[in-house]
Amino acid sequence: MAREQNEVQGIIPVDKPKDWTSHDVIAKLRGAFRIKKIGHSGTLDPMATGLLAVLCGKSTKLSDPLMASQKTYEMTVRFGVETNTQDITGEVVKESPLPEGFGKEMLLKALPEFKGEIEQLPPMFSAIKVKGKKLYDIARKGQEIEREKRKVTIYDLELMDMKDNEAKLRCVCSKGTYVRTLCHDLGQKLGCGGTLTELRRTKGSFLSIEEAFSLDEILSWDLERLRAEAEKNLEKAMNLLAKAAKPALMALIALLMASCAPKAEEKVDVYVSIPPLLPFAQRLAGPDVRCESFMPSGANPHPYVPPATKGAG
C-alpha cells in the first residue's frame, strides 16, 4: 500500500552540501516528509554548495520566474591549470606557467572586460542539448562538437581575496551563466588558463544564504515546522512578483476603468493567466474588478478586456 503523501505549499531555502546533486536534496526531502509535489528553482553542480530554493506544491509553478532572477556566487579560480570540465572535478588537460607580472593588479585590470553583456561558449560538459543530445553525453565519449555562443550578463565581478595562483571572486550574473566558463575565459585572458575549484551560491532572487537551512537541520523538523517555513517564504515570493507585475497590472486596470466606465452595480472581468498573482491582482484592482484565474465556459468578458495569454495578466 502506498504511503499517504503530505501537502506542503511554499519555498524552503536549503544550503546544499558539497557532493550532493540538486536532485539528491529533493529526493531526500521528498522521502523524509512524504511531500506530494516538490522541485527546485535552479540546479547546482555536485561540487557547489550554497542556496538551493526548494519549491513545494503549487510553488513549483514559480520555478521559471525565480530561475530568471539574478544570482550571486562566490568562487575560487586556480590559474595555470585547465581541465576538460573547466572545474576541479575534471581531468587536467593543460598546465601553464603564470605570466610575468602575474598578481592582483593584473587580475583587477582584466576583470572589467567580463562585466556587462558577454558571450560564453557553453562547456562540453553541460546539460545543453544539441540536435537532441546532451553535450555531456557526447563529451564522455571523448568527442567535441560545435556549439553556439550564448549571451549572458555579468552585473558585478569583484576580487575578494588572492593568494599565490588562486583568487576568490564574487559574481552577480544572469540566468544561464556558466561560472566555470567565466573562470576558464578569465584564465585565457591572462594567458595561463584557469579552472574553478570552489563555488558557492549566496543569493538568488529574494533569498540569501543567511536565510538558508542546512539539510541536517531541516531533517530534524516536524511537518508543521516545515510547512511554516515554506509558507513564510512563499509570501515573500508573492510580494516580489506582485511588485514586479504591478506597473503592467495597474496600467491595464486604468485602461479598463477609463474605457469601460462600468456602472456601480457592474463588475469588469479580468482573467489573470498567472494564478499565483490572482490575490494581488484582486487587491490592486479593487471591488469594481473581478479577477479570475481562468475564463469560464460561455463567459462574455467586457469587449475591452483582452483574453489571457501566456506570461501576461
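These are my notebook entries on what I looked up in this structure.

**Ground rules.** I am working with a predicted model, where local features need pLDDT of at least 70, side-chain atom pairs count only at pLDDT 80 or more, and totals for chains, interfaces and linings use all residues. Residues are numbered from 1 along each chain as its sequence is written, and side-chain values use heavy atoms, with hydrogens and water left out.

**The whole chain.** I found 8 helices and 16 strands; these are DSSP runs numbered from the N terminus, helices being H or I with at least four residues and strands E with at least two. I then looked up burial: 43% of the 313 residues are buried, meaning under 20% relative accessible area with a 1.4 Å probe, protein chains only.

**Serine 41.** I located serine 41 in the loop between β2 (38–40) and β3 (49–56). Is serine 41 buried or exposed? Serine 41 is buried, and its relative accessible area is 7%. Leaving out residues up to four places away in sequence, serine 41 touches Ala53, Leu55, Ser63, Leu66, Met67 and Lys71, where contact means heavy atoms within 4.5 Å.

**Aromatic pairs.** I looked for rings of Phe, Tyr and Trp (its six-membered ring) with centres within 6.5 Å; planes under 30 degrees apart are stacked, over 60 edge-to-face, and the rest tilted. The count by this rule is 2 aromatic pairs. Phenylalanine 79 and phenylalanine 102 pair edge-to-face, at 5.5 Å centre to centre with 65 degrees between the planes. Phenylalanine 79 is in strand β4 (residues 71–79) and phenylalanine 102 in the loop between β6 (92–95) and α3 (104–110), so this pair ties together parts 23 residues apart in sequence. Both phenylalanine 79 and phenylalanine 102 are buried. Phenylalanine 213 and tryptophan 221 also pair edge-to-face, because their ring centres are 4.8 Å apart and their planes stand at 80 degrees. I noted that phenylalanine 213 and tryptophan 221 are buried too.

**The largest pocket.** A pocket here is an open set of points on a 1 Å grid over the protein atoms alone, where a 1.4 Å probe fits, with protein on both sides within 12 Å along at least five of seven lines; lining residues have an atom within 4 Å of a point. Which residues lie nearest the centre of the largest pocket? They are Thr43, Leu44, Asp45, Tyr178 and Arg180, out of 40 lining residues. The elements giving two or more residues to this lining are α1 (22–33), α2 (63–67), β4, β10 (150–163), α5 (179–190) and β12 (194–204).

Conventions: Buried means under 20% relative accessible area, exposed over 50%, partly exposed in between (1.4 Å probe, protein chains only).
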